[in-house]
Amino acid sequence: MLKKKLIPKIILLAFISLSFSTYQNTLRAAPVSQYNFDFSGKKTQKDVCVVNPETIYGKNSTFGYDLNTVQGNGKPFFFSVDLPEGNYTVKVTLGNEKAASITTVKSESRRLMLLNIETSKGKYSTHTFVVNIRNTKINETESVRIKTRETGKLIWDDKLTLEFNGTNPSVSQIEIIPANYLPTIFLAGNSTVVDQTNEPWCGWGQAFPCFLSPEVAVANYAESGLSAGSFAAQKRFDKILSVMKPGDYLFIEFGHNDSKEKGEGKGPYTSFKTNLKYLVDQTKAKGGIPVLITPMHRRRFDDNGKIINTHGEYPNAVRQLAQEENVKLIDLTKMSETLFEAMGAEGSKRAFVHYPSGAFPNQNKALADNTHFNFYGGYEIAQCIIKGIIDNKIPLEKYILKQYRNFDPAHPDDVNTFSYPPTPSFEMEKPDGN
């Protein structure tokens, strides 16, 4: 059985500094650092952990089915395993012998890893992706000041959680390997970026990992309601700096909540720009690479079907800072304007949380939110970020999967053909911030 301490500390430290080739040699010499889980009942090797319907995470095992779910009834199910914080390469073999399946895989709080992988009866498909897990501890005396609403989310803990969803979702094997040597893209932002816990809400950071190869990790530290200043004040940035390696990236998108801050010294070219510069400067000092992102538009149209700017001078302040500090800029303000105008005033509602009463369990009133989007909207905005990486020739471009390199915000994906299986947890209360 898997022990509580899965990886000796000496091996974890070694992975941080070893090159990829040395890492592979170490892995071959120390198989204890790889975790193999079998759901088919066919694997009997000593290094394979068998998962059956009675293997329940937190009840009788440090790995197993989680959140009162189990595979085999055609419904979504969750698998968790205790692991120290860090990056992990995860290889899943999808499919089963008895029936065809269409499986979507999400990690932690609904981060999209794989979308609608089809396997026919008796056939299997193997895919690899990278998952970042973290806890709140910064050092022996400091921790991240998380919000009450974050308590119970599938983040800020010492376990890796995978959700398998879709039509008869099926997994046969899971392999997990520590991968702290991989470059990491840290995300700093607000509710438009965050890993939203429940349907129908989504931040673009949740969809972002599925567009990237398993040679880079995404660590989403964004949280609803935050400004650039409060992100630092809650020690989320200190936590990032505590684990950031030279060559890692920090993507920074703020503005929605910053523009609502009032008082002496508050403004786009004063407090906002100063707070952003602090994030940029400290990232550079740690050997990281900051990328500034202007805030996406809210869904607000004039009578001619054109987007109304609700951010004032805040996008320009980001552009100005990027030029002054010689930092790459992804102009999400401009791209989201193009995207939403292409969708149209009415059509764009389908990218945001606009649903009539009764669309979700226990929903007794209509939802009409013009700031926060659903998963289709998050998926489209994430592709704008991908386009920004390519257009700016950011070295991360090499990690973008080939099938996602030609997105044009003027021609969004057809919402009528977009298929996404919702996570079986819903919340009608709006995220913090607007």
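1. Ground rules. This is a predicted model, so local features need pLDDT of at least 70 and side-chain atom pairs count only at pLDDT 80 or more, while totals for chains, interfaces and linings use all residues. Residues are numbered from 1 along each chain as its sequence is written, and side-chain values use heavy atoms, with hydrogens and water left out.

2. Five strands form an open sheet in the order 2-1-10-5-8, and the pairing is mixed. Strand 2 (48-50) and strand 8 (125-133) sit at the edges, each pairing on one side only. From one strand to the next the twist averages 20°. Strands here are DSSP runs of E with at least two residues, helices are H or I runs of at least four residues, and both are numbered from the N terminus. Two strands pair if DSSP finds at least two bridges between them. Axes are lines fitted to C-alpha atoms (for helices over the stretch in contact), with angles from 0 to 180 degrees between N-to-C directions. Within this sheet, strand 1 (residues 35-38) runs parallel to strand 2 over three bridges, and Asp38 has Val50 in strand 2 as its bridge partner.

3. Strand 4 (residues 77-82) and strand 9 (residues 159-167) run antiparallel and are joined by six bridges. Asp82 has Lys159 in strand 9 as its bridge partner.

4. Strand 11, covered on both faces. Six of the six residues of strand 11 (residues 184-189) are buried (buried means under 20% relative accessible area, exposed over 50%, partly exposed in between, with a 1.4 Å probe and protein chains only). Thr184, Phe186 and Ala188 are buried on one side, and Ile185, Leu187 and Gly189 on the other. Strand 11 runs parallel to strand 12 (residues 217-220), with four bridges between them, and Phe186 stands opposite Ala219. Strand 11 also runs parallel to strand 13 (residues 249-253), here with five bridges, and Ala188 stands opposite Ile252.

5. Thr184. This residue belongs to strand 11 and is buried, at 3% relative accessible area. Its side chain makes a polar contact with the side chain of Asn87 at 2.8 Å. A polar contact is a pair of N or O atoms within 3.5 Å; within protein, one must be able to donate a hydrogen and the other to accept it, and residues adjacent in sequence count only if both atoms are side-chain atoms.

6. The second largest pocket. Its volume is about 480 Å³, meaning the space filled by probe spheres set on grid points joined across faces, edges and corners. A pocket is an open set of points on a 1 Å grid over the protein atoms alone, where a 1.4 Å probe fits, with protein on both sides within 12 Å along at least five of seven lines; lining residues have an atom within 4 Å of a point. The lining has 21 residues, and Phe39, Ser40, Gln71, Asn96 and Val171 lie nearest the centre. By class, the lining divides into nine nonpolar, nine polar and three charged residues. Here Ala, Val, Leu, Ile, Met, Phe, Trp, Tyr, Cys and Pro count as nonpolar, Asp, Glu, Lys and Arg as charged, and the others, Gly among them, as polar.

7. Strand 17. Five of the seven residues of strand 17 (residues 367-373) are buried, so this strand is largely enclosed by the rest of the structure. Strand 16 (residues 352-355) pairs with strand 17 in the antiparallel sense over four bridges, with His354 opposite Ala368. His372 lies in strand 17 and counts as buried at 2% relative accessibility.

8. Most residues other than glycine have a negative phi, and most peptide bonds are trans. Against that background, the bond from Glu199 to Pro200 is cis, with omega near 0°; Pro200 is in the loop between strand 11 and helix 3 (204-207). Trp156 has a positive phi of about 55°, lies in the loop between strand 8 and strand 9, and is buried at 10% relative accessibility. Asn362 has a positive phi near 60° in the loop between strand 16 and strand 17, and is exposed, with a relative accessible area of 77%.
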